Amino acid sequence: MSSSPTPAPTFSRLLDRAMRILSQRDHSREELKGKLQLSNQRSAWMKQEAVEPIPDELLDQVADWCQQNGWLNDQRFTERFILSRSRKGYGPQRIRMELQQKGIARDEIDQALFDTEVNWVACAANLATRKFGDPLPKDWAGKSKVQRFLMTKGFLMEDIQAIFRNFDD
């Protein structure tokens, strides 16, 4: 490995990389900055050189430019992420956790989950029916199995209980 570190990429090189990343799909601001940093590390590794981290100020400049020009929008990313993950069978708790890991602020997540038109009860019922068949189990052991499954997918207890309200005990 060479002892001289790779110089930090210039603004234009970083911007070019950011545009390629954002052209694939939406990303959160923090996710983009992390991917740019990772790209820099991979580049240095491929050249077998020491890694010099990209300064936060430079990453912020690139992210600011992308935001000002409409390429980067955390609110749009959050809304699309919620819709995408709900279609894949994940509930609001799991989605909230994943968004927090991607650097989205809790109040932004709460607002987006409040504003979304996703019917969480219908999503939970759909997922349970696909997994356990129709009708859903009516016995205690079967219901608890469904409940545990839906909880691992991130659904709230009130949404899970709502799918069983139509059954007679």
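**Note on the predicted model**

1. In this predicted model, the axes of helix 5 (residues 92–101) and helix 6 (residues 106–115) approach within 10 Å of each other and cross at roughly 145°. The crossing of helix 5 past helix 6 is right-handed. On the helix 5 side the contact is made by Pro92, Arg96, Leu99 and Gln100, which meet Arg106, Ile109, Asp110 and Leu113 of helix 6. By residue class, this contact comprises 4 nonpolar, 1 polar and 3 charged residues.

2. As to confidence, the average pLDDT of the protein is 89, and 93% of the residues score at least 70. Helix 5 has the highest confidence, at 96, whereas the lowest is found in helix 2 (residues 29–46), with a mean of 89.

3. The largest nonpolar core contains 23 residues, and Ile82, Ile95, Leu99, Trp120, Leu150, Phe155 and Ile163 have the most contacts inside it. At least two residues of this core come from each of helix 4 (74–87), helix 5, helix 6, helix 7 (120–132) and helix 8 (140–152). Helix 7 contributes the most, with 4 residues.

4. Leaving aside residues up to four places away in sequence, Ile82 touches Ile95, Leu99, Ala112, Leu113, Thr116 and Trp120. Another core, of 15 residues, lies apart from the largest one; Ala18, Leu32, Val62 and Leu72 are among its members.

5. Val121 is located in helix 7. Its relative accessible area is 28%, so Val121 is classed as partly exposed, given that this class lies between the 20% limit for buried and the 50% limit for exposed residues. When residues up to four places away in sequence are not counted, Val121 touches Asp159, Ala162 and Ile163. The C-alpha atoms of Val121 and Ile95 are separated by 15 Å, and the two residues are 26 residues apart along the chain.

6. Most peptide bonds are trans, and most residues other than glycine have a negative phi. The bond joining Asp134 and Pro135 is cis, with omega of about 5°; Pro135 is placed in the loop between helix 7 and helix 8.

7. Gln48 belongs to the loop between helix 2 and helix 3 (56–68). Because its relative accessibility is 53%, Gln48 counts as exposed, the cut-off for that class being over 50%.

Key: Residues are numbered from 1 along each chain as its sequence is written. This is a predicted model: local features need pLDDT of at least 70, side-chain atom pairs count only at pLDDT 80 or more; totals for chains, interfaces and linings use all residues. Side-chain values use heavy atoms; hydrogens and water are left out. Axes are lines fitted to C-alpha atoms, for helices over the stretch in contact, and angles run from 0 to 180 degrees between N-to-C directions. A crossing is left-handed if the near helix is turned anticlockwise from the far one by less than a right angle, and right-handed if clockwise. Contact means heavy atoms within 4.5 Å. Ala, Val, Leu, Ile, Met, Phe, Trp, Tyr, Cys and Pro count as nonpolar, Asp, Glu, Lys and Arg as charged, and the others, Gly among them, as polar. pLDDT is the predictor's confidence in each residue, from 0 to 100. A nonpolar core is a set of buried Ala, Val, Leu, Ile, Met, Phe, Trp, Tyr and Cys residues joined through side-chain atoms within 4.5 Å. Buried means under 20% relative accessible area, exposed over 50%, partly exposed in between (1.4 Å probe, protein chains only).
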